[in-house]
Amino acid sequence: MAGGSTRILPADIQIKETRDLPMESVVALYQSLGWSAAEKPAALHKALLGSHSLVTAWQGGRLVGLGNTISDGQLVVYYSHLLVAPEFQGQGIGTQLMRRLMAHYEGFHQHVLVADGRAIEFFRKCGFERAGKAEPMWIYAGHDH
């Protein structure tokens, strides 16, 4: 991961690759950040469990961070969500989640994500750059971007 922080995680934070993910914990994390996906809890939970990769950060029994991907498993990976609860941001949790995710896709032809706001600089530090002259396009049912 280019230019990523070498910050050590707080001792009480554990990074896990587990599908044991209580829906209530997921919804609480998404709500803490104002993400509209929290308004569709069953679909969100099912989508996360169906991810190609799913990495979570925990403080005891509290979910404080999450990252997931969608991939064809060979050439292309899309980093769909990366969240860290507001009071845990700036502690290296997001960087560790991205490192874990990106390690699964070393050598892939294309790594894709959509970033806005403060996330743009974070993802630049992870090695991402604007996709040439490409314009991101979507059909989006949310209201938070």
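This report describes the core, strands, helices, salt bridges and surface of a predicted model.

## Nonpolar core

The largest nonpolar core of the predicted model holds 36 residues, and among its members Leu66, Tyr79, Ile93 and Met98 touch the most others. Several elements each supply at least two residues of this core: they are strand S1 (13–16), helix H1 (23–32), helix H2 (41–49), strand S2 (53–59), strand S3 (62–71), strand S4 (76–84) and helix H3 (93–103).

## Strand pairing

S1 runs antiparallel to S2, and four bridges join the two strands. Within this pairing, Gln14 has Trp58 of S2 standing opposite.

S3 and S4 are likewise paired in the antiparallel sense, here over seven bridges, and Gly67 stands opposite Leu82 in S4. The hairpin made by S3 and S4 has four residues between the strands, and in this hairpin Gly73 takes a positive phi near 80°. S4 also pairs with strand S5 (residues 110–112), but in the parallel sense and over three bridges; in S5, Val112 is the residue opposite Tyr78.

## The two sides of helix H2

In helix H2 the buried residues are Leu44, His45 and Leu48. These residues lie on the same side of H2 because they cover an arc of only 95° around the axis. The other side of the helix carries Ala42 and Lys46, both of which are exposed.

The model contains four salt bridges when a side-chain nitrogen of Lys or Arg is required to lie within 4 Å of a carboxyl oxygen of Asp or Glu. One of them joins Arg100 to Glu17, with 3.0 Å between the closest N and O atoms. Since Arg100 belongs to helix H3 and Glu17 to the loop between S1 and H1, the pair ties together parts that are 83 residues apart in sequence. Arg100 counts as partly exposed, at 33% relative accessibility, and Glu17 is partly exposed too, with a relative accessible area of 41%.

Another salt bridge is formed by the side chains of Arg62 and Glu87, at 2.4 Å from N to O. Arg62 is in strand S3 and Glu87 in the loop between S4 and H3, so this pair ties together parts that are 25 residues apart in sequence. Arg62 is partly exposed at 36% relative accessibility, and Glu87 is also partly exposed, its relative accessible area being 47%.

The C-alpha atom of Phe122 is separated by 8.8 Å from that of Gly94, although the two residues are 28 residues apart along the chain.

With a relative accessible area of 83%, Lys133 is exposed. Between Lys133 and His81 there are 23 Å in space, taken from C-alpha to C-alpha, and the two residues are 52 residues apart in sequence.

Technical notes
Residues are numbered from 1 along each chain as its sequence is written. This is a predicted model: local features need pLDDT of at least 70, side-chain atom pairs count only at pLDDT 80 or more; totals for chains, interfaces and linings use all residues. Side-chain values use heavy atoms; hydrogens and water are left out. A nonpolar core is a set of buried Ala, Val, Leu, Ile, Met, Phe, Trp, Tyr and Cys residues joined through side-chain atoms within 4.5 Å. Buried means under 20% relative accessible area, exposed over 50%, partly exposed in between (1.4 Å probe, protein chains only). Two strands pair if DSSP finds at least two bridges between them. The arc is that of the directions from the helix axis to the C-beta atoms.
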